[in-house]
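Here are my notes on this model, written for someone opening it for the first time. Please read them with the structure beside you.

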Amino acid sequence: MAELLLEILSEEIPARMQARAADDLKRLMTDGLKKAGLTFEDARSFVTPRRLALVVDGLPVNQPDVTEERRGPRVDAPEQAIQGFLKGNGLTLDQCEKRTTPKGEFYFVVVERKGQVTADLLPEMFNDMFQVFPWPKSMRWGTGGQRWVRPLHGILCLFDGAVVPMAVGSTKSTNSTIGHRVLAPGVIGVNDFAEYRDKLENAQVILDADERRKAIAGQAEKLTKKEKLTVKIDNSLLAEVTGLVEWPMALMGRIDEVFMDLPEEVLTTAMRHHQKYFSVVDAKGKLAPRFIAVANTEATDDGKAIIAGNERVLRARLADARYFWDQDRKRTLESRVAGLDGVVFQQRLGSVLDKAERMAKLARTLAEYTGVDPDLAERAARLAKADLTTEMVVEFPELQGVMGRYYALADGETAEVAEAIADHYAPQGPADRCPSASVNVAVAMADKIDSLVGFWMIDEKPTGSKDPFALRRSALGVIRLIVENELSVPLLELFTAVYGFFPPSYNKERSVIPADVLARDLLDFFADRLKVHLRDKGVRHDLITAVFSLGDEDDLVRLLARVEALETFLASDDGEHLLVAYKRAANIVAIEEKKDGVIYDQPVDAGNLADAEEASLHAGLEEAAPRIAKAVAEERFADAMSALAGLRAPVDAFFDKVTVNCDDQTLRANRLRLLSRIRGALGGVADFSKIEG
Amino acid sequence: MTAAPDKKTSFQSLILALQTFWADQGCVVLQPYDMEVGAGTFHPATTLRVLGTKPWRAAYVQPSRRPADGRYGDNPNRLQHYYQFQVILKPSPDDSQDLYLQSLRHLGIDEGLHDIRFVEDDWESPTLGASGLGWEVWCDGMEVTQFTYFQQMGGMECDPVAVEFTYGLERLAMYIQGVDNVYDLDWNGLPKDQGGLTYGDVFHQAEKEFSAYNFEHANTEAVARHFKDAEAQCGALLALTPPLPLPAYEQCIKASHLFNLLDARGVIGVAERAAYIARVRALAKGCCEAWLVSQGEGV
């Protein structure tokens, strides 16, 4: 058993691509090994800013021999065909065996293919991997035609301790690599993975990203603990920083006190966004005048110069931020609204000013459903986007909304309006906090519904994996806002109203998609998003489909109440039986309708019920159907279900005693109508045909 | 905070040091292009020379203008006129990164004391139809250089690939001199009483006046008209047989700057903006193609 060690040394690999690249290297190489019939015990890949590495343990030094049986031509085939087969396999006729098969008598031959030396198979495998490597972006360099994420500098490839000769352009494989760029630039020769890893560590390169991550977190904690402070570890920042260093060295710097009165979000964003620094908080959770930077070196002065340099950069950044903060507050948000005509919302959907005006109108309408003063909702919606033209948000787009809140408060807007502005992008995804204050909910919904209807109008719906405008997230946002705040909102009506908010210049699109069609289609999209959302919470998606497909439900809260009642009912003994009976009835009717070419949806002839069981089923249905309809209309879903439960006994009895397909054609037709009626009665609650089980 | 004047770290000595270093690497040391450009990349020594197969190495300072970045001289870090030091090596050598790091050492940046990092930053110029992959180089958290392997220029593939280093001279000097305000930079390394000048002495008034011009007083109608004229002239020069790519390219540069000025004046609507960029790109593309033909490397 032997070990394969591979390292691809290059110039700095973008941090965001590293984890995926390590996975891809492992996948592509092990796929190649498997395809060649080479088994192994374990494969692990590693990535640092400058290297991608792979070690595969327990590989055989030879490919296994393969015995393969091949069928040749028929014994009576033309001579030419037989000779061709022999030649193609390097055989003589006496090595072949005649065998009779159901298709006739054929020549057969058993070919033994000797396994190749594993090392000989590796160069091609490597080459294939290198050619197809799925970098999000790759480049050319110098005069060579090769592509890689950044210029390639070395290939280390050892199999069973020996160099596997391979090359990319002029770069040939060796048994050596180099250490840290500054601290250990010398060449390091290695014989196997253990040595590779250890020697790299001695040369100031920690190969394992996980170890580097832990080192950074540990060092940062140690530094802050000394001052009774805590570092705020932001995992995505930590992952990024881990990808920027081979030899991490966390350092703590000071933030000039004069900047500490800037909003916290501004400080943390300026640190994170431009400088990739971690924030530090005191025991009360308040931002401390410290930051943690992670260097990729161990400086000879213990990092004093590096800290001083970083502090100076941060001062410049914060001076910028302070300038923006002071400038921005010289103008009110209100005065900025008109300027939103210079910010595109979407080319075909006009400017953000257009959007803000539509949102203001829509927020007024929504205020009715969230139970809030319409003037308040309109005001917040009108100002919600105004911070987009502030210098702070132009510089730090991720502060949109947050800055709007600060600036609104500075303008003397009410706290409610300010909070609604801050909150209106939420919730962004299933795990994000969902607004609950009524104004916030109205504005947050207005923003999203406007986008959805607009993009639907110009036919920019999400397709497959493509959702450039994050419309799935917007729809989920609306769903969460409605469901978690238990709001009763008629979505179809709302979509149609918003459709009317778009100006006549969109007539072209409008003639393509009429309002009612668009509203319906968008509601179906909501149904899909709702299913995905609830699947994670364990709600059966078939029940949502069953209720949604009736087409009469666009109130999500009511819909969920109905789904819940249905789920409880189906879990009961009555429900389970009734579902079975429903399926049986629907099946029979479908089969017979197809056979006869007749639809049995006419009223049942009450005077033509021969058996007691049919009469009692008929009576049961006549009694239950209006009760179900009334209960549903009054949103008493449990009552609707108990009306359904009452049908179980007559339905079961009917199937026990009555033969549907009897000889008397009149009776048969009437019985089929009766069965069809079951479908109708149950259809008042849900489309049972969509229910699984 | 004002730095003690020092001839070794003065702004001008920094430029001289870079020129010496890159001259030793076989670069032709050029002077700035005598037109308003947004970045050193616009100099024909980069835009045009990165195309085609002929090797090329050049280094030069390029004053760069970004009208929208003006702050009336009030902001310690933002300028509407600043200096870039531009290096172009074609084809990009295998030791591009090492050469670059040596240049920092040459400026007195000791790698043993500082943290140099290469942070992903791909570059794209929609007006030039150009793109490249590379990094911003950080020194102790400060971005000091844009390091780019050109992949495309004027919409055409670069083959061989050239590497471009764009040093932000003010930032680099602020870093080396340890000053927080660009206007405090020591320009010539002399004490004040012996004729010492700061960056502010040289440029502060210009920043104030040009900010006012860029944001308030540029006659937008005239600027828009000049744009059209430059565009028409560029087209006419490219339509000649044979075309005149170098004068045509000057008109393209002019159009690009005029567009930036209009943009700073805030008179360009959003849809219009995209259209302007496309117009400049079309000019740049035409010039690049004509240049290649003139080099006997027709498209």
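1. Start with E14(A) and strand E16 (residues 287-295) of chain A. They pair in the antiparallel sense over 6 bridges. One bridge joins A:Gly253 to A:Phe291 in E16(A). Strands pair here if DSSP finds at least two bridges between them. Helices (H or I, at least four residues) and strands (E, at least two) are DSSP runs, numbered from the N terminus.

2. A word on the source. This is a predicted model: local features need pLDDT of at least 70, side-chain atom pairs count only at pLDDT 80 or more, and totals for chains, interfaces and linings use all residues. Residues are numbered from 1 along each chain as its sequence is written, while chains are lettered from A and ligands numbered from 1 in the order in which they are written.

3. Now the whole sheet. E14(A) belongs to an open sheet of 4 strands, in the order E13-E15-E16-E14 (chain A), with antiparallel pairing. Its edge strands are E13 (230-231) and E14 (249-254) of chain A, and each pairs on one side only. Helix H5 (residues 209-225) of chain A packs on this sheet. H5 touches E13, E14, strand E15 (278-281) and E16 of chain A, and its direction makes about 35° with that of E14(A). Helix H8 (residues 304-328) of chain A lies across E14 and E16 of chain A, at about 50° to E14(A). Contact means C-beta atoms, placed from the backbone, within 7 Å. Axes are lines fitted to C-alpha atoms, for helices over the stretch in contact; angles run from 0 to 180 degrees between N-to-C directions.

4. E4(A) is joined to strand E6 (residues 104-113) of chain A by 7 bridges, and the two run antiparallel. A:Thr67 stands opposite A:Glu112 in E6(A).

5. E2(A) and E3(A) form it, with 3 residues between them. Strand E2 (residues 42-47) and strand E3 (residues 51-59) of chain A run antiparallel, joined by 6 bridges. A:Val47 has A:Leu52 as its bridge partner in E3(A).

6. Next, a helix pair in chain A. Helix H11 (residues 374-383) and helix H15 (residues 438-457) of chain A pack at about 50°, with their axes 9 Å apart. That makes H11(A) oblique to H15(A). Angles under 35 degrees count as roughly parallel, over 145 as roughly antiparallel, 65 to 115 as roughly perpendicular and the rest as oblique. A:Leu376, A:Ala377, A:Ala380 and A:Ala381 in H11(A) meet A:Val439, A:Ala442, A:Val443 and A:Ala446 in H15(A). By class, this contact has 8 nonpolar, no polar and no charged residues. Ala, Val, Leu, Ile, Met, Phe, Trp, Tyr, Cys and Pro count as nonpolar, Asp, Glu, Lys and Arg as charged, and the others, Gly among them, as polar.

7. Chain B has its own helix pair. Helix H1 (residues 11-24) and helix H4 (residues 169-177) of chain B pack at about 110°, with their axes 10 Å apart. H1(B) and H4(B) are therefore roughly perpendicular to each other. B:Phe11, B:Leu14 and B:Ile15 in H1(B) meet B:Leu169, B:Leu172, B:Ala173 and B:Ile176 in H4(B). The contact has 7 nonpolar, no polar and no charged residues.

8. Chain B is divided into domain 1 (11-213) and domain 2 (219-294). These bounds come from an automatic or database domain assignment. The C-alpha centres of the two domains of chain B lie 24 Å apart. Their contact takes 21 residues from domain 1 of chain B and 20 residues from domain 2 of chain B.

9. Last, the contact between the chains. It takes 32 residues from chain B and 35 residues from chain A. E4(B) gives the most to the side of chain B that touches chain A, with 4 residues. That side has 15 nonpolar, 9 polar and 8 charged residues.

Terms used
Contact = placed C-beta atoms within 7 Å.
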